[in-house]
Each structure stands twice: as C-alpha cells, then as structure tokens.
Amino acid sequence: MDGMTPAQDDSWEVAGHRFHSRLVVGTGRYKSLEETAAAIEASGAEMVTVAVRRVNLSDPSAPMLQDFVPPDRYTYLPNTAGCHTAKEAVRTLRLAREAGGWNLVKLEVLGPPPFLYPDMPATFEAAEALIKDGFQVMVYCADDPLAAKRLEEMGCVAVMPLGAPIGSGLGLTNPFMLRSIIENAKVPVLVDAGIGTASEAAQAMELGCDAVLLNSAIAHAREPVRMARAMKAAVEAGRHAYLAGRMPRNYAADASSPMTGLIR
Amino acid sequence: MPGTLSQAPPSAMAITVNGEARSLPASLPLSDFLAQAGLDLRKVAVERNEEIVPRSAYATTLLEPGDQLEIVHFIGGG
C-alpha cells in the first residue's frame with residue numbers, strides 16, 4: 001500500500017479471494033430472513049458468515065438462508081460458532097465444506113460463558129487439523145500478538161482478534177494490542193466481535209486492519225438496515241482516514257487561521 | 001397406513017438422526033432416506049457415524065442398524 005491508492009482500486013485479498021468491501025457481516029440474530037437480506041444488501045458486504053446447524057426434519061420445506069442470501073452473490077464463510085472443542089470445530093467445518101464446497105472458513109473455538117473468550121489452546125489444535133485437511137482458515141483469536149503470530153506461522157490465511165467479547169458491543173477495548181497485531185502481521189487482520197456502533201468500526205479501520213467483521217451491531221440496532229448503511233460508510237471513512245494518515249496529536253493549540261493581517 | 005414409521009414391523013431398524021431415535025422399516029440407501037425426509041439435497045450435508053458422506057455416495061450408502069446421522073444446513077450466524 002503506497003498511501004496514494006485511489007479509493008476505487010482499494011481492495012484486499014484473502015487466500016486468493018479479492019474483495020472491495022472491507023466490511024464482513026454475520027447473518028445471525030435478525031428478526032427474519034427478509035430483514036437479514038435487506039441489511040446485508042445495505043451493508044455492501046461481499047462476504048458473510050454463516051452457521052452450520054441440524055436441519056429441522058419436521059419442517060424440511062422451511063425457508064432457508066440460501067434463498068435470501070444467495071451463495072452465488074455472497075462469499076459464504078462458514079463458522080464454528082457454538083463449538084467449544086477442537087473436535088467439534090473440525091467436524092462442523094467438514095460438514096460445511098460438504099454442504100457448500102467452501103474451503104475458506106472461520107474458525108472460532110470458544111471458552112465458557114459469560115465471555116465466550118477464544119480458547120487459544122483448542123484454537124491452535126483445530127487450526128492445525130483444518131490446515132492439514134486443506135482448509136483455508138480465517139481464525140478468531142485473542143488480542144494477543146504472540147497467539148496471532150503463531151496462527152499466521154501455522155498457515156492461517158487471516159487472523160481475527162476480538163475488539164471485545166462476542167455480541168457485547170463494547171467497542172475496541174484494547175486498541176494498542178490490535179495495533180501491535182496489525183503491525184506485525186503478514187496476513188490480513190480483521191477485527192472481529194465487539195463492535196457496537198459506526199465510530200468503533202471506523203476506529204478499527206483507522207488502526208490499519210484490513211477489514212471488520214460484525215453482526216450484532218447491525219442486527220440488534222433499532223433499525224438494522226440503517227445501521228448497515230452506517231457501518232458501510234464508517235468502514236470506508238476509517239479506511240480513507242488510515243490511508244490519508246492522521247495529523248499528529250499536539251498538546252497545545254496551533255491556530256488554523258493566519259495570525260497576520262489582523263485588524264487593529 | 002402400512003409402511004409408516006410408527007407401524008414398522010418388529011424387524012424394524014433403529015437409527016439416530018440429529019439426535020432423535022428413528023425406526024425404519026428396513027435398510028435403505030441414504031439417498032432414499034433423504035428424499036423421503038423431503039430435504040433439498042443441494043443445501044444439506046450428511047455425517048454418518050462421524051464420517052462425512054460425500055453427495056456422490058448417497059445412493060450407494062446403505063443405512064445400517066445403529067447408524068448415527070447428522071444432517072445439517074446453513075443458518076444465520078455471526
């Protein structure tokens with residue numbers, strides 16, 4: 001990145017997939033599949049996360065996510081939400097690969113409530129098994145520069161440290177560590193989880209991350225479609241601000257208007 | 001109605017599907033079971049006894065007593 005990249009050419013790439021939107025959104029927690037579709041459309045996202053769950057055999061003709069969020073239009077990123085062991089995560093993603101043929105996946109192995117903090121030992125174990133099995137692993141992880149580096153060295157195609165616990169809406173609780181991860185990474189870094197409103201998405205982009213992943217901030221807004229638009233604008237604004245380079249912080253005033261030619 | 005699951009003969013075959021016990025009248029190919037369940041095969045994936053069954057093998061996979069099936073699809077998630 002040379003800092004002069006025109007906005008229209010500003011794209012990012014993960015495991016050979018190129019995206020122009022730097023906003024990745026989840027498809028969960030909406031009131032209806034119609035609302036899901038409208039919010040995702042408004043967000044401008046090209047990649048969406050999806051969960052893998054048992055089909056309801058008593059209602060096999062119930063509307064399915066694919067009918068509203070078509071996989072030929074959006075890149076599906078199957079996740080392992082709800083998995084608390086490496087084994088469950090690997091089984092889930094093998095099923096996802098069979099259901100959709102996708103190798104690009106989101107790995108998350110979570111610790112117990114109330115924080116659902118990433119279980120890093122189990123995440124390492126699952127990442128190793130998945131990479132060996134041919135998956136391209138985008139990995140949810142702790143805001144820990146050593147863990148992020150280790151996941152990158154193992155072969156994960158993107159690292160996704162949390163801003164704050166999943167669904168908490170607390171924003172970026174540790175921007176310094178996120179920045180450290182971004183500065184040291186050779187793979188894309190996405191801030192995943194914790195973002196609650198547009199300014200926090202912009203802040204993540206200003207730190208220099210490649211993209212932002214969020215779900216509840218849109219789905220749990222009073223007006224999800226409007227918040228989706230806000231997030232789109234915020235991610236673009238934050239990206240521009242990062243590329244533009246912010247002015248230095250001064251601890252004294254520095255007048256913007258000329259001090260010469262004042263009337264007397 | 002003859003042939004319904006609830007009236008299966010004593011020789012019926014018990015399997016588990018998505019954690020629920022089911023009784024089948026006889027052994028049958030997985031493809032038949034999925035068709036009878038009314039599922040859109042393009043949108044699901046199947047694990048049998050913790051092993052993925054590739055779509056190409058549905059027709060040749062004969063269900064056996066005690067089989068544990070997991071049938072999944074994509075839903076909204078973050």
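Colleague: Against which elements do the buried residues of α6(A) pack?

Modeller: They pack against α5 (145-154), β8 (158-161) and β9 (190-192) of chain A. The contact rule is heavy atoms within 4.5 Å. Helices (H or I, at least four residues) and strands (E, at least two) are DSSP runs, numbered from the N terminus.

Colleague: What should I know about the source?

Modeller: This is a predicted model: local features need pLDDT of at least 70, side-chain atom pairs count only at pLDDT 80 or more, and totals for chains, interfaces and linings use all residues. Residues are numbered from 1 along each chain as its sequence is written, chains are lettered from A and ligands numbered from 1 in written order, and side-chain values use heavy atoms, without hydrogens and water.

Colleague: Which residues of helix α6 of chain A are buried?

Modeller: Buried means under 20% relative accessible area, exposed means over 50%, and partly exposed lies in between (1.4 Å probe, protein chains only). In α6 (residues 175-184), L178(A), S180(A), I181(A) and I182(A) are buried.

Colleague: How do I read a helix pair? At what angle do α3 and α4 of chain A pack?

Modeller: Axes are lines fitted to C-alpha atoms, for helices over the stretch in contact, and angles run from 0 to 180 degrees between N-to-C directions. Helix α3 (residues 86-100) and helix α4 (residues 120-132) of chain A pack at about 35 degrees, with axes 8 Å apart. The crossing is right-handed. Right-handed means that the near helix is turned clockwise from the far one by less than a right angle, left-handed anticlockwise.

Colleague: Which residues make the contact?

Modeller: α3(A) supplies A86(A), A89(A), V90(A) and L93(A). From α4(A) come A122(A), E125(A), A126(A), A129(A) and L130(A). By class, that is eight nonpolar, no polar and one charged residues. Here Ala, Val, Leu, Ile, Met, Phe, Trp, Tyr, Cys and Pro count as nonpolar, Asp, Glu, Lys and Arg as charged, and the others, Gly among them, as polar.

Colleague: Now charges. How many salt bridges does the structure hold?

Modeller: Side chains of opposite charge can pair when their charged atoms come close. A salt bridge needs a side-chain nitrogen of Lys or Arg within 4 Å of a carboxyl oxygen of Asp or Glu. Over all chains there are 20.

Colleague: Where are the partners of the pair E50(B) and K87(A), which crosses between chains?

Modeller: The salt bridge of E50(B) with K87(A) has its closest N and O atoms 3.1 Å apart. E50(B) is in the loop between β3 (45-48) and β4 (51-53) of chain B, and K87(A) is in helix α3 of chain A. E50(B) is partly exposed at 43%. K87(A) counts as exposed, because its relative accessibility is 51%.

Colleague: Are E108(A) and K106(A) buried or exposed?

Modeller: Both are buried. Their salt bridge has its closest N and O atoms 3.6 Å apart. Elsewhere, shared partners join D67(A), D40(B), R42(B) and K43(B) into one network.

Colleague: What does the side chain of S21(A) reach?

Modeller: A polar contact is a pair of N or O atoms within 3.5 Å; within protein, one must be able to donate a hydrogen and the other to accept it, and residues adjacent in sequence count only if both atoms are side-chain atoms. The S21(A) side chain reaches the backbone nitrogen of L23(A) at 3.1 Å. The backbone oxygen of G44(A) lies 3.4 Å from a polar atom of that side chain. S21(A) is in the loop between β2 (17-19) and β3 (23-26) of chain A. S21(A) counts as buried, because its relative accessible area is 14%.

Colleague: And chain B? In what order do its elements run?

Modeller: From the N terminus, β-β-α-β-β-β. Of its 78 residues, 41% count as buried.

Colleague: Why does T61(B) count as buried?

Modeller: Because its relative accessible area is 10%. T61(B) lies in the loop between β4 and β5 (68-76) of chain B. Beyond four places in sequence, T61(B) touches L28(B), P29(B), L30(B), R48(B) and V53(B). The C-alpha atoms of T61(B) and L28(B) are separated by 8.4 Å, at 33 residues apart along the chain. R48(B) lies in strand β3 of chain B and is buried at 18%.
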